[in-house]
Amino acid sequence: MFRKSKRQDADEVRAKFLANREKVRSWLVDWNFPEVEWEEFSEVPLPWIVPRGGEQRWLEKQALFMDDYRWFLQARSRAEGVTSAHALWEFGGDHEFQRLEIQLQTFADPAYVAETLAWGAHAAALKGWQENDVQELYTWLFEGIDSRPLVEMVSGKQRTGFILFDLLRSPTNDNEIVSRLRMTLTDKSLDGSPLNEEGRD
């Protein structure tokens, strides 16, 4: 019987981190959101701060020992009507995905916000996500964002497969709305019953 060497263990852990980093980096490209320009992607996630040029040494020494880490992604607006956009990807023990949160501040156009958030979720391609799930998510988001006067707050939950969506919409003082979509993974339906291997009740 052969045991894995410490080097093999280290390589496997590092590979998990690199896969997560590439997933976040690719998401910025795959999400079709031309109204914003994302700030330069950081090779090193929060809470770590590494001097420029020290990223590779950090990867060799520190990436193996992280219990949790996150990428906070900030965008600059390129279009009138989109005031701000940011996203937060979080990972926990054993480099497992914890949550993705997208927040937009925009003019009060429920259809535009719902479409933008739905494509952001689609680009993330979390566990069990299917190509045709984007239409169902868009419909739920649009109905929720448009369900009450835009000066009021709206919140709701929806599950698609293994993904639990949490929506919060709130007004600002500038006739705009802030919309936050949080995504986590679950193995239970909204009523608490377990899901099968395909993410169904």
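**Reading a fold: helix packing, buried residues and pockets**

Biologist: In what kind of crossing does α3 pass α4?

Modeller: A right-handed one: α3 passes α4 that way. Right-handed means that the near helix is turned clockwise from the far one by less than a right angle, left-handed that it is turned anticlockwise. Helices (H or I, at least four residues) and strands (E, at least two) are DSSP runs, numbered from the N terminus. Keep in mind that this is a predicted model, where local features need pLDDT of at least 70, side-chain atom pairs count only at pLDDT 80 or more, and totals for chains, interfaces and linings use all residues. Residues are numbered from 1 along each chain as its sequence is written, and side-chain values use heavy atoms, with hydrogens and water left out.

Biologist: At what angle do α3 and α4 pack?

Modeller: Two packed helices are described by the angle between their axes and the distance between the axes. Here α3 (residues 110-124) and α4 pack at about 145°, with axes 8 Å apart. Axes are lines fitted to C-alpha atoms over the stretch in contact, and angles run from 0 to 180 degrees between N-to-C directions.

Biologist: Which residues make the contact between α3 and α4?

Modeller: Contact means heavy atoms within 4.5 Å. On the α3 side they include P110, V113, L117 and W119, and on the α4 side V134, L137, L141 and I145 are among them. By class, the contact has 14 nonpolar, 1 polar and 1 charged residues (Ala, Val, Leu, Ile, Met, Phe, Trp, Tyr, Cys and Pro count as nonpolar, Asp, Glu, Lys and Arg as charged, the others, Gly among them, as polar).

Biologist: How many helices and strands does the chain have?

Modeller: The chain has 4 helices and 7 strands, running α-β-α-β-β-β-α-α-β-β-β from the N terminus on. Its C-alpha trace spans about 65 × 45 × 25 Å along the principal axes. Of its 201 residues, 41% count as buried (under 20% relative accessible area; exposed is over 50%, partly exposed in between).

Biologist: Is F162 buried or exposed?

Modeller: F162 counts as buried because its relative accessible area is 9%. F162 lies in the loop between β5 and β6, and its C-alpha atom is 6.5 Å from that of K127, 35 residues away along the chain. Leaving aside neighbours within four places in sequence, its contacts include G128, T184, L195 and E198.

Biologist: And S170, where is its place?

Modeller: S170 sits in strand β6 (residues 163-171). S170 is buried too, at 16%, and touches M153, E176, I177 and V178, not counting residues up to four places away.

Biologist: How much space lies in the largest pocket?

Modeller: About 390 Å³. On a 1 Å grid over the protein atoms alone, a pocket is an open set of points where a 1.4 Å probe fits, with protein on both sides within 12 Å along at least five of seven lines; lining residues have an atom within 4 Å of a point. Of its 18 lining residues, E40, F41, S42, E43 and V44 are closest to the centre. Strand β2 (residues 69-77) gives the most to that lining, with 5 residues.

Biologist: Which residues line the second largest pocket?

Modeller: Among them are G128, N132, R159, F162 and R200. The elements giving two or more residues are α4 (133-145) and β5 (154-160). By class, this lining has 1 nonpolar, 6 polar and 5 charged residues, whereas that of the largest pocket has 10 nonpolar, 2 polar and 6 charged.

Definitions and conventions: Grid points are joined across faces, edges and corners, and a volume is the space filled by probe spheres set on the points. Buried means under 20% relative accessible area, exposed over 50%, partly exposed in between (1.4 Å probe, protein chains only).
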